[in-house]
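Hi,

Here is the structure I promised to hand over.

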Amino acid sequence: MSHFKIALIRGDGIGPEVVNEAVQVMDRIGEKFGHVFAYTDVLLGGCATDAVGKSYPDGTAEICRSCDAVLLGAVGGPKWGSTRPAHERPETALLAIRKDLGLYANLRPAALRPALADASPLRKDISAAGIDLMMVRELTGGVYFGKRDKYQTSDRGMEATDLMAYSEMEIERIGRKAFEFAMLRRKKVTSIDKANVLETSRLWRSVMHRLASEYPEVCYEDMLVDNCAMQLVKNPGQFDVVVTENMFGDILSDEASMITGSIGLLPSASIGDTAPGLYEPIHGSAPDIAGQDKANPIATILSVAMMLRYSFQLMEEAEAIEKAVDEVLALGWHTGDIAGDTDKLVGTREMGRLICSAI
Ligand code: NAD
């Protein structure tokens with residue numbers, strides 16, 4: 001019998017509701033396949049600010065490092081907005097934990113689930129070709145972490161700068177992850193940059209070309225970020241693994257999510273080389289529907305499937321979750337965010353229960 005320790009960051013808004021359903025699903029998997037999942041609750045986000053005055057309490061990273069993986073619901077909300085000092089803001093805690101755990105690779109699969117082909121905002125002839133891509137975004141470098149400055153000039157008023165910096169080491173390790181995922185998928189990597197303008201992109205491209213020569217089985221291509229934004233809506237079926245730097249990835253991964261339908265369906269993982277991976281839905285804390293049993297728990301449940309596959313190498317178990325989700329959706333059971341006129345509307349708890357019983 002295998003034993004896994006999981007840190008649970010339930011967070012704010014709908015976070016606790018969706019994590020609760022994901023835990024039921026893990027327990028069901030444990031029961032069926034003979035594993036034990038032990039949980040440690042970790043306080044982080046707005047709820048931590050309320051409890052201890054800091055969104056990222058001391059010792060958080062140590063507790064997470066003592067576990068095999070971390071599952072996060074969502075953090076944030078208007079109560080802890082931008083007028084608060086940085087140490088009370090939930091976003092500060094998210095950036096800090098990713099950095100402290102060395103989670104430099106963010107993986108976001110964007111797949112159109114068969115039962116929800118109609119949920120895609122794309123034209124039918126485009127979505128019918130299928131969408132099944134994996135965004136690999138660099139998470140701890142680039143302009144989000146570069147030096148910032150704001151100063152008075154003599155004649156132009158205030159001026160501000162944000163430095164975008166990348167080292168070969170940072171580019172190589174994220175690039176290697178992309179090629180390794182491609183080897184497990186359809187063996188294609190598209191690397192996104194702005195090499196016609198940015199020096200960081202020209203370095204990025206040269207490192208990617210070196211890596212491409214190490215993976216001759218993988219079909220490799222460069223694409224400029226503006227073209228990628230267009231291709232994602234014109235012909236998303238062309239992509240398998242898409243790798244890019246932090247800010248381009250932030251924007252493109254949201255675009256890739258939207259073309260597959262609801263934000264409530266999409267999981268993500270942030271991984272490094274040694275520390276526990278962090279698994280979370282891509283959506284936020286949805287304060288508008290929090291506490292109403294309306295949140296779709298599927299993104300968090302599919303994040304658990306990613307955890308089982310990538311942190312614990314439990315492939316059969318991960319597939320059992322994904323198959324159960326597809327079965328329940330195909331039977332027409334949908335939460336409000338994806339429900340059409342003919343669907344059977346269910347709440348967060350009932351959706352979790354249906355998926356558990358389909359496993
Ligand atoms: P959001 O993702 O929370 O909500 C956007 C819209 O999608 C809302 O209408 C919401 O009701 C809906 N939605 C989101 N998740 C859903 C689900 N599972 N089921 C059904 N509907 C769902 O984005 P936002 O409103 O821009 O942000 C709200 C808060 O969440 C902010 O404080 C933001 O900073 C935070 N946030 C946190 C994370 C994170 O924890 N990783 C990510 C994004 C945003």
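The largest cavity has a volume of about 60 Å³, and the structure holds one cavity of 30 Å³ or more. A cavity here is a set of points, on a 1 Å grid over the protein atoms alone, where a 1.4 Å probe fits but cannot get out. Grid points are joined across faces, edges and corners, and the volume is the space filled by probe spheres set on the points.

Before going on: this is a predicted model, where local features need pLDDT of at least 70 and side-chain atom pairs count only at pLDDT 80 or more, while totals for chains, interfaces and linings use all residues. Residues are numbered from 1 along each chain as its sequence is written, and side-chain values use heavy atoms, with hydrogens and water left out.

Back to the largest cavity. Its lining (residues with an atom within 4 Å of a point) includes Met164, Tyr166, Asp193, Trp204 and Phe248. The lining residues divide into five nonpolar, three polar and two charged (Ala, Val, Leu, Ile, Met, Phe, Trp, Tyr, Cys and Pro count as nonpolar, Asp, Glu, Lys and Arg as charged, the others, Gly among them, as polar). α7 gives the most to this lining, with three residues. Helices (H or I, at least four residues) and strands (E, at least two) are DSSP runs, numbered from the N terminus.

Now the rings. A search of the whole structure finds six aromatic pairs; rings of Phe, Tyr and Trp (its six-membered ring) pair if their centres lie within 6.5 Å, with planes under 30 degrees apart counted as stacked, over 60 as edge-to-face and the rest as tilted. Phe4 and Phe37 are a stacked pair, at 5.7 Å centre to centre with 25° between the planes. Phe4 and Phe37 are both buried (under 20% relative accessible area with a 1.4 Å probe, protein chains only; exposed is over 50%, partly exposed in between). Ring pairs also link Phe4, Phe37 and Phe312 into a cluster.

Two charges are worth a look too. The charged end of Arg173 sits over the ring of Tyr104, 4.1 Å from its centre, and that of Lys344 sits over the ring of Trp333, at 4.7 Å. For this, NZ of Lys or CZ of Arg has to be within 6 Å of the ring centre and within 35 degrees of the ring normal.

Cheers

Notes: 1 Å grid on protein atoms, 1.4 Å probe; cavity = no way out; pocket = protein on both sides within 12 Å on 5 of 7 lines; lining within 4 Å.
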